[in-house]
Amino acid sequence: MTETVDTSTPLGRPIKRKEDAKLLHGRTNWTDNIQLPGTLHMAILRSPYAHAKITKLDVTPALSRPNVIAAYSAEELGDLNGSIPCVWPVTDDIVMPDFPALAKGKVRQVGDAVAVVLATDPVHAADALDAIEVDYEPLDAVVDMEAALAPGSALVHDDAGTNSCYVYNLGGGYDDVKAKADVVVKRRFINQRLIPAFMEPRSVVAAPMGMSDEMTVWSSTQIAHVLRVLMALVTGIPENNLRIIAPDVGGGFGGKLQLYREEVLATQLARKLGRPVKWTETRSEDMVATHHGRDQIQDIEIAATKDGKILGLKVDLIANMGAYLQIITPGIPLLGMFMYPAIYKMDAYDFKCTGVFTNTTPTDAYRGAGRPEATYAIERIVDELAAELDMDPMELREKNWIKHEEFPYTTVAGLTYDTGNYEAATAKAVDLFGMDELRAEQKRRRESGDPVQLGIGISTFTEMCGLAPSRTLGALKYVAGGWEHATIRMLPTGKVELITGTSPHGQGHETAWSQIAASILGIPVEDIEVVHGDTGRAPYGMDTYGSRSLAVGGQAIKKAADNLIEKARVIAAHQLECSPGDLEFVNGEFKVKGDPEKSQAIGAVAFEAFTAHNLPDGVEPTLQGEATVDPEDFSYPHGTHLAAMEVDTETGKVTLRKYVCVDDVGNQVNPMIVEGQVHGGLAQGIGQALYEGAFYDEDGLPLNANLSTYLIPAAPDLPSFITGTTTTPSTTHPLGTKGVGEAGAIASTPAIINGIVDALRPMGVTDVAMPATPMTVWKTIQAAKGGQA
Amino acid sequence: MQHISVNVDGTQYEGEVEPRTLLVHWLRNELGKVGTVVGCDTSNCGACTILLNGRSVKSCSVLAVQADGASVTTIQGISTGDDWHPVQTAFKECHGLQCGYCTPGMVMSTIDLLGENPNPNETEIREGLEGNLCRCTGYHNIVRSVEKAAELMGGAK
């Protein structure tokens, strides 16, 4: 154990990031920067149709184009055309169609991969796609989810005989509590399709290292380790011969939590041709070929007494899988399943989800992954219930939320929340917001008939982070565990390698992990190199997603550091001629209790362990500590988010005037990084509420699959944010941390829409669709007025 | 192929390019100036922003041949060795970057913005950086970074 934590520890301080120097100087190592001799550049012919038979496909004309070395369709690739796996078969009878890397005979989404060309430079590879002769026979496209489930619908996968992927049920008993309810409120919310739109386009370089079955793959991925396992299974390349490297990775947000067909194709073609193969997507390719997020129809019903006690909740989802199942496509709605009851006490909860195939880009994890959808629906319907009961929406929340003295609390969904203090976070947020003044202004504007109305949006959220206890994942039929690994290795000069299984792509792990280890080992942050995202240097890990890296990976670092100190203690005791129990470890030094003059610094111990000239019998040379930690439970960050929304009732224009959030993410390693994570999450959640949405026409053609028309927020679209924190340490995680990566994205969307609806409720508006563009808001107002929309 | 002569980050380069070659691709693929990156294909993201004769441009929207005879400054040319330009310093101090992919463009646009307006207010900063998209920071700390850079460069009151 670490006996003393000095107050000068780097833990909890806003230390500037170690990552920034190279990023700010342009000395980065993005995958697309990698130029190996002899590289072949891959370009992909993609389907322009959502659903079609391929009636002719001849790649040979491309071979006569300049600089072209090879071209393949599925037929020519044969057995090398791997199938892309899904690792979360959520039910026993789930439909899991084949997902070939190159389409076989039929295309099922715009952007489906049809053929590849390999040339000595990317320009000629792309040029030669034109030479491929391909004919399609268009088929009826399945686009609308409900129509897809109706009898007689065209089928995305003929062999399945249905477009229903699975039906998942949880709970029961809602009807009993509904019978006792005074008030029942029911709504249908549309949680629209989003595109992750990380700034660095995906890129992969696969290079044979020696013979064809020894392969190094650089990829812009969040999951170097998971990718290695899956790549081995898909390609048959022995896992021990595969090295996956995620170099500098420019954002992910779940979009790079995937094994993509392009990664498989590059690897297989490098193997076949014995040369490095490189592929970097264009942005327009990205927006049809990288998985999307959200896209659920949410029917939600809440039952309560007339004095505002929530009795139960019923949720019936239709979740769009898209055309194929990617890595955890079917499981995303189930991550949300646990969170619909959120922070509220109730007696019954029924959940049903129907996964449905459509001729669209597959969905999968996007920042929050199921939990933003759940939080949106519950926080919206609680506001609607408050309106129905004519209660203040915050008062209704307070009446029903879990009180801080009631933790640990097992929810109706079966999760046990370890800690939380919703009262404290709310009180602080309300104070920072200036709630009373804003409510007074709202009243004035309503009374004066101001064309610009003011609304106040509330979101009191929690989420489950720290994916995940392995046994829980097993019970949910997820095929892997949720542990994390760390090795801390002291080098002879006293410097340290901290090897982590997390795989950062902008989060600042190099800085934060150094802070954790430095605080325990009593050494400078600068003396630590964090090694990550390379299966050759960091062999064990479960990577970065689901706000898990600190919550799970942080525990592993702490335990590895503690293990290292225990080994060092034995060596130090030998050097200092005392028993290990006589030593205390303070600020990087072992000191003999009662004789502070006798001490040995950890760096000196490391040197002794290196020379091994004078080690105690039975102690092995070298000084390192390792740990693989399976989390005891999820962690449950929470917070209160408040939005002041101005709505111009004449034009529909919405302005976010003020945004306040107070998040409780437990203990913080680096508050500067925490705040940055919150800011970025807010931008994405607000983006969903106001700007973003990926749409298709009735033929399944994407309407806005580029950055000109898919509107991610730009600087003028957002205000500065007012953020605060409360700290209720997690009791199931040794560092007391919870996770912060997704909080802002989860909490903010309902706050914004609740604010718009609050502004317009006196006009009879009870919902506004997302994204709440001026046109949508204006039409909603017109419809409420009974006019022509 | 067409001959071009361009000064990039203080070095005079001669090259033969296809007329259709974008400046950003010439910088990255021929000169190895990989600090400048490509984020989109519709000239929306601004990740590829450089200075062309001292003014910011998106280098995906300029043909290499159009840069013939011009002077180009990339993120790799604004400071020497391990030195820091005040804008770089400000972005680090204010945590104005996370994944860092938009950062070269943000820094170059900020240099141009502060050249035009040494003491911008928040609205002017946000509008000045409208052509540069960031998906990580929500822009909050980018605005703080630009304010800080203005201060470091002597513009702030």
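In this predicted model, the centres of domain 1 of chain B and domain 2 of chain B, taken over C-alpha atoms, are separated by 21 Å. The division of chain B assigns residues 2-77 to domain 1 and residues 86-152 to domain 2. The two domains touch: 18 residues of domain 1 of chain B are in contact with 13 residues of domain 2 of chain B.

The size of an interface is often given as the accessible area lost when the parts come together. Between domain 1 of chain B and domain 2 of chain B, the buried area is about 1,200 Å², and carbon and sulfur atoms give 57% of this area. On the side of domain 1 of chain B, T49(B), R55(B) and I75(B) supply 37% of the area buried against domain 2 of chain B, more than any other three residues.

The rule finds two salt bridges across the interface of domain 1 of chain B and domain 2 of chain B. R55(B), already named for its share of the buried area, forms a salt bridge with E116(B), in which the closest N and O atoms are 3.8 Å apart. Six residue pairs, both at pLDDT 80 or more, are found in polar contact across this interface of domain 1 and domain 2 of chain B. Two strands of chain B, β3 (49-52) and β4 (55-58), each supply at least two residues of the side of domain 1 that touches domain 2. By class, the residues of that side of domain 1 of chain B are seven nonpolar, nine polar and two charged.

The description now turns to the contact between the chains. Chain A brings 55 residues to this contact and chain B brings 47 residues. The area buried between chain A and chain B is about 4,200 Å², with 55% given by carbon and sulfur atoms. Within chain A, the residues that lose the most area to chain B are L24(A), H25(A) and M199(A), which together account for 18% of what that side buries.

Four salt bridges are found by the rule across the interface of chain A and chain B. R20(B) forms a salt bridge with D127(A), with the closest N and O atoms 2.6 Å apart. Polar contacts across the interface of chain A and chain B amount to 28 residue pairs, both residues at pLDDT 80 or more.

Several helices of chain A, namely α1 (20-25), α4 (122-128), α9 (283-289) and α19 (671-690), each supply at least two residues of the side that touches chain B. Helix α19(A) gives the most to this side of chain A, with eight residues. The side of chain A that touches chain B has 27 nonpolar, 19 polar and nine charged residues.

Key. Residues are numbered from 1 along each chain as its sequence is written. Chains are lettered from A and ligands numbered from 1 in the order in which they are written. This is a predicted model: local features need pLDDT of at least 70, side-chain atom pairs count only at pLDDT 80 or more; totals for chains, interfaces and linings use all residues. Side-chain values use heavy atoms; hydrogens and water are left out. Contact means heavy atoms within 4.5 Å. Buried area is the accessible area (1.4 Å probe) that two parts lose on being put together, summed over both. A salt bridge is a side-chain nitrogen of Lys or Arg within 4 Å of a carboxyl oxygen of Asp or Glu. A polar contact is a pair of N or O atoms within 3.5 Å; within protein, one must be able to donate a hydrogen and the other to accept it, and residues adjacent in sequence count only if both atoms are side-chain atoms. Helices (H or I, at least four residues) and strands (E, at least two) are DSSP runs, numbered from the N terminus. Ala, Val, Leu, Ile, Met, Phe, Trp, Tyr, Cys and Pro count as nonpolar, Asp, Glu, Lys and Arg as charged, and the others, Gly among them, as polar. Domain bounds come from an automatic or database domain assignment.
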